Amino acid sequence: MSTPREMLQAVYAAAGARDWDRVESLVHPDFVLFEAECLPFGGEWRGKDALQRCAAAMYATWAEANVDIHDITGGDSNAVTVLTLTMTSKRTGETFSQTVNECGAFEDGLLKELRIHYFDAAEIAEKA
């Protein structure tokens with residue numbers, strides 16, 4: 001059986017490769033993704049295709065967006081990813097970065113919940 005850390009690594013690898021069928025095989029049928037409400041792509045994204053829909057909305061917000069994963073750590077039922085998100089505003093052309101922690105909760109060996117925590121979600125909303 002895979003650990004939450006290994007499972008979250010697999011989700012990120014599949015999402016990075018845009019292998020959405022693989023992503024859906026790794027998430028729980030009741031999966032929910034939580035983004036900060038103040039963001040253009042904020043709110044709750046539900047369903048096995050939630051990551052794909054949210055990623056499309058997030059990447060469409062920016063002229064360019066890059067994710068740099070630094071570390072993934074985990075326990076028995078949760079894993080946390082520490083990453084840097086670098087975005088270029090379509091509106092201003094400004095490029096800026098933020099540290100993001102993404103907290104995944106697992107049930108029955110599948111990712112059931114992913115909560116995204118930005119260093120400063122208000123800054124991201126302002127620059128979108």
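Student: What is the strand order in the open sheet of six strands?
Tutor: The order is 2-1-6-5-4-3, and the pairing is mixed. Two strands pair if DSSP finds at least two bridges between them. Helices (H or I, at least four residues) and strands (E, at least two) are DSSP runs, numbered from the N terminus.

Student: Which are the edge strands?
Tutor: Strand 2 (43-46) and strand 3 (62-74), each of which pairs on one side only. On average, neighbouring strands of this sheet are turned by 20° against each other, direction ignored. Axes here are lines fitted to C-alpha atoms, for helices over the stretch in contact, and angles run from 0 to 180 degrees between N-to-C directions.

Student: Before I go on, where do the numbers come from?
Tutor: This is a predicted model, so local features need pLDDT of at least 70 and side-chain atom pairs count only at pLDDT 80 or more, while totals for chains, interfaces and linings use all residues. Residues are numbered from 1 along each chain as its sequence is written, and side-chain values use heavy atoms, with hydrogens and water left out.

Student: OK. How many helices and strands does the chain have?
Tutor: Four helices and six strands. Along the sequence they follow the pattern α-α-β-β-α-β-β-β-β-α.

Student: And what is the radius of gyration?
Tutor: The radius of gyration is 14 Å, close to the 14 Å that the globule rule gives for 128 residues, so the chain is as compact as a globular protein of that length. The radius is taken over C-alpha atoms, and the globule rule is 2.2 Å times the number of residues to the power 0.38. The C-alpha atoms fill a box of roughly 45 × 25 × 25 Å, taken along the principal axes.

Student: Back to the sheet. How many bridges join strand 4 to strand 5?
Tutor: Eleven, between residues 78-89 and residues 95-107, and the two strands run antiparallel. N78 has A105 as its bridge partner, and T88 stands opposite T95. The hairpin has five residues between these strands, and G93 in it takes a positive phi near 80°.

Student: How many bridges join strand 5 to strand 6?
Tutor: Eight, and this pair is antiparallel too. V100 has Y118 of strand 6 as its bridge partner. In this hairpin there are two residues between the strands, and D108 takes a positive phi near 55°.

Student: What else does Y118 touch?
Tutor: Leaving out residues up to four places away in sequence, Y118 touches E35, L39, F41, L85, Q98, T99, V100 and I124. Contact means heavy atoms within 4.5 Å. Y118 is also among the residues that touch the most other members of the largest nonpolar core, along with L8, F31, L33, L51, W62 and L114.

Student: What counts as a core?
Tutor: A nonpolar core is a set of buried Ala, Val, Leu, Ile, Met, Phe, Trp, Tyr and Cys residues joined through side-chain atoms within 4.5 Å. Buried means under 20% relative accessible area, exposed over 50%, and partly exposed in between (1.4 Å probe, protein chains only). The largest core here has 36 residues, and its largest share, six residues, comes from helix 1 (residues 4-16).

Student: Where does helix 3 lie?
Tutor: Helix 3 (residues 50-61) lies across strand 1 (27-35), strand 2, strand 3, strand 4 and strand 6 (110-118), and runs at about 135° to strand 3.

Student: New topic. How many salt bridges are there?
Tutor: The count comes to six. A salt bridge is a side-chain nitrogen of Lys or Arg within 4 Å of a carboxyl oxygen of Asp or Glu. One of them joins R53 and D49, at 3.1 Å from N to O. Another is between E107 and K112, at 3.3 Å.

Student: Is R53 buried, exposed or partly exposed, and what about D49?
Tutor: R53 is partly exposed at 34% relative accessible area, and D49 is partly exposed at 30%.

Student: What about R115, which partner does it have?
Tutor: R115 forms a salt bridge with E113, with the closest N and O atoms 2.9 Å apart.
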